[in-house]
Amino acid sequence: MSVPPLSPPPLALYVHWPFCLAKCPYCDFNSHVRDRIVAEEWERALLADLQHEAGRPGRGLVGSVFFGGGTPSLMPPSLVAGILARTEQLLGFAPNVEITLEANPSSVEADKFAALAAAGVNRVSLGVQALDDRALRMLGRLHSADEALAALDTAQRHFGRVSIDLIYARPGQTVSAWERELSRALTFGTEHLSLYQLTIEPGTRFATDVRRGDMVPLGDDEAADLFALTREMTAAAGLPAYEISNHARPGCESRHNLAYWRYQDYAGIGPGAHGRRGGIATVRHRKPENYLAAVALQGDGISEERTLSLREQAEEALMMGLRLAEGVDVALLAERFGMARKELINAIKLALYEEQGLVRAHGSRLAVTDAGMGLLDALLPELIALEAEAA
């Protein structure tokens, strides 16, 4: 009896909406402020870009769709509905497809939640960012804490799955202040929390403020204390960290983001969107006007497309997978990329950091411990043997 071929894993689809009402001072994402946006023009462009992705080989059913930005809650719900309908028509949805949309908690955007749910969105990621007005003003947010709580209540009424984002390790933030804020957030009953340390990214207004001496970032030791407290409190509340900055009740993890971290195939459409499919990397034009021009000229928004070497893919898979609490199966990765284990992981460094309690190895599975997660950026280049060997 013949064995039927394995079905390809679900495809993750990312849709980038690049527009915001204002640029946050900490943000280095591909976001833009424009006085006028023609929704019909963007619908034509995004659907053409989607059509191009649907024609690429190696497609599977779509297991997750993520509308990111920018501020996707500014999108007309009819545009969201049109993209989802066309995605289902061209590619098909896997059972229980996860459809997430990032939203800001302003009252104007919250008023769209019912229509977005009707369009097919079943999970919302709400950019609360802080729970007091002073911190929100410092972060350049346009909403108040009361607006955030009202939007959260609205979101929980319309969507089956809700996540909130918070930014901590803000200048001057103390352990006790963050403990109070996080304790409050844990009472909201959301299934997922994305808790990000404030980082000063090059090219942002905060980077300029730091350079001028107008802002003093929280020290590394103080930030490390907040990181440790975050993991302790979320675990105690039943939302343990499953990735360095993401916490969820078991079974409520973001399936879309897990596709990235497990190095499964994903497609990206919209300005600046990245994709990885069948070992081919794609990047779309970042500037909205350039993206529209490219779609009009060539039928897609791609600015760069190249085949990744097996070494590049293996390095990316390790870099992403070691962010997860579950870690990576080194033997499976070695088989997937046709390499020996010793080509992937630096055995000497692994033994050293395992002895120090920063990583753990069980059979062929390798994971970074809670103690090591706070040092992840420094650990990864030490552990991964490929980085030094790739030419």
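**Entry 1: salt bridges**

I searched the whole structure for salt bridges and found 20. I counted one wherever a side-chain nitrogen of Lys or Arg lies within 4 Å of a carboxyl oxygen of Asp or Glu. The model is predicted, so I note its limits: local features need pLDDT of at least 70, side-chain atom pairs count only at pLDDT 80 or more, and totals for chains, interfaces and linings use all residues. Residues are numbered from 1 along each chain as its sequence is written, and side-chain values use heavy atoms, with hydrogens and water left out.

I looked up Glu-53 and its partner. Glu-53 forms a salt bridge with Arg-284, and the closest N and O atoms are 3.0 Å apart. This pair links distant parts of the chain, since Glu-53 is in helix α1 and Arg-284 is in strand β11 (residues 280-284), 231 residues apart.

Next I took Glu-243 and Arg-323. Their side chains meet in a salt bridge at 2.6 Å, N to O. Glu-243 is in strand β7 (residues 241-243), while Arg-323 is in the loop between α12 (310-321) and β13 (328-329), 80 residues apart. Glu-243 has 1% relative accessibility, so I list Glu-243 as buried. Arg-323 has 27%, so Arg-323 goes down as partly exposed. I also noted that salt bridges with shared partners join Asp-49, Glu-53, Arg-56, Arg-277, Arg-284 and Glu-305 into one network.

**Entry 2: helix α7**

Which residues of helix α7 (residues 175-185) are buried? I found Trp-178, Glu-181, Leu-182 and Ala-185. They lie on the same side of α7, because they cover an arc of only 95° around the axis. The arc is taken from the directions from the helix axis to the C-beta atoms.

I then checked what covers these residues. The cover includes β5 (161-168), β6 (192-197) and α9 (220-236). Contact here means heavy atoms within 4.5 Å.

Glu-181 also has a charged partner to record. The side chains of Glu-181 and Arg-170 meet in a salt bridge of 2.9 Å, N to O. Glu-181 is in helix α7 and Arg-170 is in the loop between β5 and α7, eleven residues apart. At 8% relative accessibility, Glu-181 counts as buried. Arg-170, at 6%, counts as buried too.

**Entry 3: aromatic pairs**

How many aromatic pairs are there? I counted ten. Rings of Phe, Tyr and Trp (its six-membered ring) pair if their centres lie within 6.5 Å; planes under 30 degrees apart count as stacked, over 60 as edge-to-face and the rest as tilted.

The rings of Trp-17 and Trp-42 have centres 6.0 Å apart and planes at 70°, so I list this pair as edge-to-face. Trp-17 lies in strand β1 (residues 11-17) and Trp-42 in helix α1 (residues 39-54), so the pair ties together parts 25 residues apart in sequence. Both Trp-17 and Trp-42 are buried.

I compared this with Tyr-168 and Trp-178, which form a stacked pair: 4.7 Å centre to centre, 10° between the planes. Tyr-168 is in strand β5 and Trp-178 is in helix α7, ten residues apart. Both Tyr-168 and Trp-178 are buried. I also recorded one aromatic cluster, formed by Trp-17, Phe-19, Trp-42 and Tyr-291.

**Entry 4: a three-stranded sheet**

I traced an open sheet of three strands in the order β13-β15-β14, with antiparallel pairing. β13 and β14 (359-362) stand at the edges with a single partner strand each, so one side of each has no neighbour in the sheet. Two strands pair if DSSP finds at least two bridges between them.

How many bridges join β14 to strand β15 (residues 365-368)? I found four, and the two strands run antiparallel. Ala-361 stands opposite Leu-366 in β15.

Technical notes
Buried means under 20% relative accessible area, exposed over 50%, partly exposed in between (1.4 Å probe, protein chains only).
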